[in-house]
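Welcome! Open your viewer, get your selection tool ready, and let us walk through this fold together.

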Amino acid sequence: MVSLKINLPFTRDLIISFIKEESEKIGLKKGIIAISSGIDSTLVSFLSTLSLGKENLVLVNMPYGKLGEKGKEDSIKIASELGVPLEIIDIKNIVDSYFKEDVDKIRKGNFMARVRMAIVFDISKRENGFVIGCSNKSELLVGYSTWYGDMAASILPIGDLYKTQVWELAKFVGVPDYVLKKVPSAELWEGQTDEGEMGITYNELDQILYLLVDKRMKIQDIVKEGFDIEKVKKVKKMVINSHFKRRLPPIPKISDRTVGIDYLYFRDYKNYD
């Protein structure tokens, strides 16, 4: 068993400081969060409230008709507990007006995720704010999220925490039990669960990812730690196949300095000339 224990007070305080500092760098006080009432968006809402204050947050829940009914009910309870304003926008009419015929569930799910993010970014413009994303490290590494959908954000406060660490921190900061005990699901179709769709539990996934990515171990060495070789190969394949999601789209080099190739300043670079 690989230990992924984190220093909880340190991690909480670091993320709270990070959100505040990024708000100051961006120059916008108000944060907008798409909340599903799952563990990730609830934890980010708790930490952002501690960082920016409830007066500087807007939560947005976007169910697809009855599919997101439970998430909507729980989002109302979370927003009430935090004292943060909540907007509820049902995306069913938007999605159904686009698809005139039945399509596969992955295509429709991706579209739903992108509609949600388009709405959140529109609200951020209305509120003169920035979008606080909720992707965690496990999702980012295996690509279990929609490119330019739920991956799109101004900042990702829990982007360096594995899912199992998200649970640990959420419990520490007081996220309620009805959220902690939820089975992780993006609620893109009836009966969907993260672990069922990926074919591996988060507990196994996080340990394998940690050894592959953080410790840079080879497949045969990870297998010696007691993990099934087929699962290790599968996780590595997911990491490799989703790498394009973590990069800018390829650009052909034509000029002296090309974005993403040799024009590589930090995001908050400023020219003081």
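Which residues point one way from β2, and which the other way? Select strand β2 (residues 57-61) to find out. L57, L59 and N61 point one way, V58 and V60 point the other way, and all are buried (under 20% relative accessible area, with a 1.4 Å probe and protein chains only). Strands here are DSSP runs of E with at least two residues, while helices are runs of H or I with at least four, both numbered from the N terminus.

A note before moving on: this is a predicted model, where local features need pLDDT of at least 70, side-chain atom pairs count only at pLDDT 80 or more, and totals for chains, interfaces and linings use all residues. Residues are numbered from 1 along each chain as its sequence is written, and side-chain values use heavy atoms, leaving out hydrogens and water.

Look for G31, opposite L57 in β2. From β1, the chain passes through helix α2 (residues 39-52) to β2 in a right-handed β-α-β crossover: with the strands pointing away from you, the path from the first strand over the helix to the second runs clockwise.

Now show strand β3 (residues 86-88), which pairs with β2 in the parallel sense over three bridges. Here V60 has E87 as its bridge partner. Helix α3 (residues 69-82) belongs to a right-handed β-α-β unit with β2 and β3.

Note on methods:
Buried means under 20% relative accessible area, exposed over 50%, partly exposed in between (1.4 Å probe, protein chains only). Two strands pair if DSSP finds at least two bridges between them.
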